[in-house]
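Please look over the structure below before reading on. The report that follows describes two chains in plain terms.

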Amino acid sequence: MAVTAVPERTARQQPRPSVGSVASSAPAPLLQVEGLKTQFPTRGGWLTAVNEVSFELAPGTVLGVLGESGSGKSAMLRTILGLQPKSARISGEVILEGRDLIAMSARERAAMRGSSVSMVFQDPMTALDPVFSVEQQLVETIRRHHPMSGEEARGRALELLHLVQIPSPERRLKAYPYELSGGMRQRIVIAMALVSNPTLLLADEPTTALDVTVQARVLDLFHELKGREGMSIIFVTHDLSVAAEIADEIAVMYAGRIVEQGSVEELVRSPQHPYTRGLLEANVRPGQADRPEAIRGAPPNLANLPPGCSFAPRCDLVEDACWSALPEPVHVSASHFARCRLVTASESN
Amino acid sequence: MATIIGRRVAMAIPTLFGVSILIWLLLSILPGDPLAFLLPQDATPADREQLSADLGLDRPLVVRYVSWVGDVMTGDFGYSPFRRRDVSELIATAWTNTAILAGVSAVFGLTIGVAAGTLAGVYRGSLIDRAVTGLAIVGLSVPSFWIGILLLILFSAQWGLLPAGGIGSLEDGYLDYAKHLVMPVIAGSLITIAITARVTRASIVETYQLEFVDLLRAKGLREYQVLLHVSKNAMSPVLTTAGLQIGYLLGGSVLIETIFSWPGLGQLVFNAISARDLLVVQATTLVIAVTFVLLNLAVDILQIAFDPRQKAAG
């Protein structure tokens, strides 16, 4: 998995680049997320699930988003897609193909969903409507975005089932979700996401709920999709090995923020943030005899974040200064940064 | 599909038999002498025995039950000495009258209940939701006879817009017939509206929180398409309640039928109980019970039609 630093990444290094400044040096990114913030009202005040997240995604690349439960990775995907409840407070920009998904009307956003951007959910057992057949659910999706006859749509549905490698697709088309295995259902969810050849595919832990053997095959399918022209994928997972396998780049999320981001190679070879290192150590390696090292403590309360580094309470290397000020991103290379004051910037930066 | 329906029907048969045994036993064992009302004051014990033998009351319980079930199966519910009519004839007339009232009330009540509940569920937390939820509580708490009397006072006594009671005759035209129905339908379906609205709202709200709704939206479906999916999924509890409601309506409301002098099952059974007309009480109870069982069967079959998973469950 050769990963090369893409030149336009430099644009991201400025804390808040305007849209115009990006176009100057590099091809326009497919997706540009700027200062995205998602908050939910709770009794204890506003809970910040996604906190000032900014990143860019070049056409045809896969961004793995890594983090433990509650780190805001799923909330981020839902915010990008506009699936958050009305009570949520959302700010920032999500610019896909030059249009801001946050600013546009709900109607426009609904038209983009399933065509330009679509999503694969975590649990295929609950993601499909149990009382409609696979065919009905596929055909309605196809006809929503492409005006065609029911007969044509059925043909297209069959093609899609072939594409996601479902055995005897004619028979599966007539089936109801409860008649299919988890892996098969996830393939159908993926087929639905591919209806309009989206330029951006959001995958929310798409293999987590599956059996290990099925996991591997669904992951293979994602590998194949990766090669499809122009499609970028944001692949959310808590499993580093999965992220390393599928992604070109990995962003590590903690308490709603991206705390480290870099190419897979850089991130795995030289993790900078203590949290990323913790995650790597928590992973079982082949031939490892002793138990993997777990990160001590639990993620912070998102409704009441400390002023400084969110990871400070769990960090073994914590210094006094960590508690007071939020660390700025420090670049160790053009394509690799970490939000930790202990990291020293590379000289080229 | 056909075999599952067949199985459900087969399961209903023992229920029906159980119901018939219960009803029959209840009235045969209950204290109270049915002969006392039929015999003259100065009857001798010999007269009593004679009448008992004539009516077949001297035979053992089992024999009497079997012969009763046999008669019932052939549509013979016996003769009411009080009304001087065949019980089957009394029941047929009363059932038809009640069925008309129940049918109109059910269509009216379920339509409004489902519509209001759906609106409240879709716009949860809105003004509509609060209005529907509030009115549903009022509808459940206010007794139907009170509403009935209120309607009578206003529309009949005060404004003279609607007939005070009785069943219309089609000979006087459909409008007259309909006018007779208005008040009993409104008073009688109030509870149906309230219960249906509450169940529908709860089911819709619950279904909207399921994960597949997110996927429907992620696919870009329009909100009305999402609502179609949600409605079909939310159908099950609404169907069950609807079946129960229609069952109650078909049982005939004693209160509503008495207030509006509607000659239905409720009135028939009320009069029969007062007169100790046991055969009529027995027959009416049986008809109501059988209606319930058949309605539940129909609801079961509809559930299968709406939810394919039930086919697998059998």
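## Two packed helices in chain B

Helix α8 (residues 211-218) of chain B and helix α9 (residues 223-251) of chain B pack with their axes 10 Å apart and at an angle of about 155 degrees. Axes here are lines fitted to C-alpha atoms, for helices over the stretch in contact, and angles run from 0 to 180 degrees between N-to-C directions. Because of this angle, α8(B) is roughly antiparallel to α9(B); angles over 145 degrees count as roughly antiparallel, under 35 as roughly parallel, 65 to 115 as roughly perpendicular and the rest as oblique. The crossing of α8(B) past α9(B) is right-handed. A crossing has this hand if the near helix is turned clockwise from the far one by less than a right angle, and is left-handed if anticlockwise.

The model is predicted: local features need pLDDT of at least 70, side-chain atom pairs count only at pLDDT 80 or more, and totals for chains, interfaces and linings use all residues. Residues are numbered from 1 along each chain as its sequence is written, while chains are lettered from A and ligands numbered from 1 in the order in which they are written.

Which residues of α8(B) and α9(B) meet? From α8(B) they are B:Val213, B:Leu216 and B:Arg217, and from α9(B) they are B:Val226, B:His229 and B:Val230. Two residues are in contact if their C-beta atoms, placed from the backbone, lie within 7 Å. The residues of this contact of α8(B) with α9(B) divide into four nonpolar, one polar and one charged. Ala, Val, Leu, Ile, Met, Phe, Trp, Tyr, Cys and Pro count as nonpolar, Asp, Glu, Lys and Arg as charged, and the others, Gly among them, as polar.

Chain B has 13 helices and two strands in its secondary structure. Helices (H or I, at least four residues) and strands (E, at least two) are DSSP runs, numbered from the N terminus. The C-alpha trace of chain B spans about 85 × 55 × 35 Å along its principal axes. Chain B is divided into domain 1 (2-86) and domain 2 (91-313), with bounds from an automatic or database domain assignment. The centres of the two domains of chain B, taken over C-alpha atoms, are 32 Å apart.

Most residues other than glycine have a negative phi.

| Residue | Phi | Loop in chain A |
|---|---|---|
| A:Ala255 | about 50 degrees | between β9 (249-254) and β10 (257-263) |

Are these residues buried or exposed? A:Glu205 counts as buried because it has 22 C-beta neighbours inside 10 Å. A:Ala255 is buried too, with 23 other C-beta atoms within 10 Å. A residue is buried if 20 or more other C-beta atoms lie within 10 Å of its own, exposed if 12 or fewer, and partly exposed in between; C-beta atoms are placed from the backbone.
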